Structure formats: structure tokens, C-alpha cells
Amino acid sequence: MAQPERPLSPFLHYRWQYTNTLSILHRITGVLLAGCFFLLVYWLAAAAAGPERYAGALRCLGSPLMQVVLCGGLASFCFHLLNGVRHLFFDLGRGFELATARRSGWAVAIGAIVLALLAWTILKSHLGGVA
Amino acid sequence: MSLRSPLGRVLGLGSAKGGSAHWYAQRVTAVALVLLGGWFVAALASLDSGSHAAIVAWLGSPLSSVLAVLFVGVAAYHANLGLQVVVEDYVASHGTRVAVLVAIEFALVAGALTGILAVLRIAFGVQA
């Protein structure tokens with residue numbers, strides 16, 4: 001008896017495309033941001049602990065490794081924020097048309113890069129002498 | 001908030017868990033975080049964040065301290081909801097899954113309380 005054609009799980013035959021790229025990036029950046037949450041807590045606790053501890057925290061956050069982490073965190077924040085708004089519109093049943101979804105996807109990707117670069121430049125300019 | 005119909009609840013049909021409440025809470029906190037996160041980064045960018053005095057003056061003001069406490073609390077809640085979905089999707093073993101979920105919840109609640117307490121100490125002028 002011939003084996004009947006069985007439906008495959010979606011991940012076995014779906015082509016890689018912009019929609020699932022943005023979707024998985026939303027998840028990855030979300031997990032990264034959960035990690036960055038503890039850096040925010042560290043920064044707040046240092047600010048509450050007084051000027052010396054705050055200066056120490058800024059030195060720690062200013063190390064090359066932490067700068068890479070913070071830059072990634074800021075980029076994740078910008079992407080997750082913009083793509084999150086995009087998903088909220090999806091949840092309202094809007095923006096599902098292929099052309100609209102593609103346009104909003106590109107807007108989110110480019111907007112996140114621009115926003116992250118802008119915020120990074122401004123934030124770094126304040127910390128020029130410190131970190 | 002339950003989105004299940006009264007009939008479905010009485011008949012005990014479907015999932016016994018709080019799927020719709022989880023879904024809804026994730027989105028409500030997302031809307032709040034668009035505002036709170038946008039405020040936080042914009043405020044930080046407009047401040048001299050290298051100066052301890054400037055940060056304390058900012059976080060110590062009534063409006064900022066309330067918004068900062070909200071930001072920390074809502075961010076932790078949103079992170080917990082999101083990480084829960086990720087863990088449930090990728091961790092197959094039941095025991096490991098529960099252990100990871102509990103560990104994440106412990107860490108996020110502890111982190112949120114630490115952050116909120118720090119803001120309150122600044123707001124009330126309790127300096128170490």
C-alpha cells in the first residue's frame with residue numbers, strides 16, 4: 001500500500017522570507033531586552049547608591065565589551081518597539097495585505113537602524129568625558 | 001480578564017489555562033511600554049546622563065519617579081510574559097520547563113523590586 005501524502009509541518013517547507021525574519025528577530029530582541037532589563041536595574045541601583053558608585057557603574061558600562069552589549073541593547077530596543085507597534089496593528093486585523101506588510105516591515109527595519117544610530121550618538125555625546 | 005464565553009467556562013471546554021488573559025496582558029503591557037520606554041529613552045537622551053546630580057534630579061521629580069517605577073514594573077511583567085512563551089515553545093521537558101519558568105520569574109521579580117526600590121530611594125532622598 002502506497003504511503004499517503006501527509007501534510008508537512010510548516011517549518012519543513014516554508015521558504016525563508018522577510019516575514020519570518022522580522023518575526024524571529026522580534027523574539028530574539030525580546031530575549032535580549034529581558035537581559036538588558038538587569039543592566040537598567042544595575043544602573044538605577046548605582047544611581048541610588050551615590051555619586052561614587054554611579055561613576056563606577058558608568059566606568060563598568062563604558063568598557064568595550066559593555067559598549068557592544070549596550071549598543072546591541074539599544075538597537076534591540078528600537079527594533080522591538082517599532083516592530084511591536086507593527087504587531088499591535090496586526091492584532092487589530094490591519095496591515096495584513098502583502099504590499100502593506102512588506103512596506104511596514106521595511107519601515108520597521110530601516111526605522112530601527114536610524115533610531116538606534118540617532119539615540120546612540122546622542123547618549124554617547126553626554127558620556128564623552130565619563131565613559 | 002477572561003475572554004472565554006460563559007458557556008465554554010460552564011462546560012469546561014478548551015484549555016484549562018489562561019491563554020487569552022496572557023495574550024491580552026502581553027498586548028496591554030506592550031502599549032504601556034511604547035509610551036514608557038519612549039519616554040525613558042527620550043528623557044535619558046535629553047539629560048546629561050554622565051552627571052549623577054542630573055540623574056538624581058530627574059528621577060527624583062514626582063512625575064519622573066512615578067513613570068520610572070511604572071517602566072521598571074511593566075517591563076518586568078512584559079518580559080516575564082514574553083520569556084514564558086519562548087520557554088514553552090523551545091523547552092520540551094516538563095520538569096526543565098517549570099524550573100526555567102520559575103527561575104525567570106524569581107529573577108524578574110527580584111530585579112523589578114531592586115529597580116523600584118532604587119527609584120524610591122532617589123525620590124525620597126535616601127542616599128547611601
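Colleague: Is A:Leu39 buried, partly exposed or exposed?

Modeller: This is a predicted model, so the answer rests on computed neighbour counts. A:Leu39 lies in helix H2 of chain A. Its C-beta atom has 16 other C-beta atoms within 10 Å. Burial takes 20 or more, and exposure 12 or fewer. A:Leu39 is therefore partly exposed.

Colleague: How far is A:Leu39 from A:Arg15, C-alpha to C-alpha?

Modeller: The two residues are 24 apart along the chain. Their C-alpha atoms are separated by 37 Å.

Colleague: Which elements make up chain A, and in what order?

Modeller: Chain A has five helices and zero strands. From the N terminus on, the order is α-α-α-α-α.

Colleague: Why is chain A called more spread out than a compact globule?

Modeller: For 131 residues the globule rule gives 14 Å. The radius of gyration of chain A is well over that, so the chain is more spread out than a compact globule. Along the principal axes, its C-alpha atoms fill a box of roughly 75 × 35 × 25 Å. The radius of gyration itself is 20 Å.

Colleague: What share of chain A counts as buried?

Modeller: Take contacts in chain A between residues at least 6 apart in sequence: 75% of them join residues at least 24 apart. As for burial, the count runs over the 131 residues of chain A. The buried share is 22%.

Colleague: What radius of gyration does chain B have?

Modeller: Chain B also reads α-α-α-α-α from the N terminus, with five helices and zero strands. Its C-alpha atoms fill a box of roughly 60 × 30 × 25 Å along the principal axes. A compact globule of 128 residues would come out near 14 Å. Chain B has 19 Å.

Colleague: And what percentage of the residues in chain B is buried?

Modeller: In chain B, contacts with a separation of 6 or more include 65% between residues 24 or more positions apart. Buried residues are counted over the 128 residues of the chain. They make up 22%.

Colleague: Turn to the interface. Which helix of chain A gives the most to the side that touches chain B?

Modeller: In total, 31 residues of chain A are in contact with 31 residues of chain B. Helices H2 (18–48), H3 (51–61), H4 (64–91) and H5 (98–126) of chain A each supply at least two residues of that side. The top contribution is 12 residues, and it comes from H2(A).

Colleague: How many residues on that side of chain A are nonpolar, polar and charged?

Modeller: The side in question is the one that touches chain B. Its residues divide into 24 nonpolar, five polar and two charged.

Colleague: Are H2(A) and H5(B) roughly parallel or roughly antiparallel?

Modeller: The axes of H2(A) and helix H5 (residues 94–123) of chain B are 8 Å apart, at an angle of about 30°. The crossing is left-handed. Angles under 35 degrees count as roughly parallel. The two helices are therefore roughly parallel.

Colleague: What is the make-up of the contact of H2(A) with H5(B)?

Modeller: From H2(A) the contact includes A:Phe37, A:Phe38, A:Leu40, A:Val41 and A:Leu44. From H5(B) it includes B:Gly111, B:Thr114, B:Ala118, B:Arg121 and B:Ile122. The residues of the contact divide into 11 nonpolar, three polar and one charged.

Colleague: How is H2(A) set against H4(B)?

Modeller: Their axes come within 10 Å and cross at roughly 135°. The crossing is left-handed. That angle makes H2(A) oblique to H4(B).

Colleague: Which residues of H4(B) meet H2(A)?

Modeller: H2(A) brings A:Arg27, A:Gly30, A:Val31, A:Ala34 and A:Phe37. The contact divides into eight nonpolar, two polar and one charged. On the side of H4(B), the residues are B:Ala75, B:Ala76, B:Ala79, B:Gly82, B:Leu83 and B:Val86.

Colleague: Within chain B, how are H3(B) and H4(B) oriented to each other?

Modeller: The axes of H3 (residues 52–60) and H4 (residues 62–90) of chain B come within 5 Å and cross at roughly 85°. B:Trp58, B:Leu59 and B:Gly60 of H3(B) make the contact with B:Ser64, B:Ser65 and B:Ala68 of H4(B). Those residues divide into three nonpolar, three polar and no charged. By their angle, H3(B) and H4(B) are therefore roughly perpendicular.

Terms used. Residues numbered from 1 in each chain as written. Chains lettered and ligands numbered in written order. Predicted model: local features only at pLDDT ≥ 70, side-chain atom pairs only at ≥ 80, totals over all residues. Contact = placed C-beta atoms within 7 Å. Helix = DSSP H or I, 4+ residues; strand = E, 2+ residues; numbered from the N terminus. Nonpolar A, V, L, I, M, F, W, Y, C, P; charged D, E, K, R; others polar. Rg over C-alpha atoms; globule rule 2.2 N^0.38 Å. Axes fitted to C-alpha atoms, helices over the stretch in contact; angles between N-to-C directions. Parallel < 35°, antiparallel > 145°, perpendicular 65-115°, else oblique. Left-handed = near helix turned anticlockwise from the far one by under 90°.
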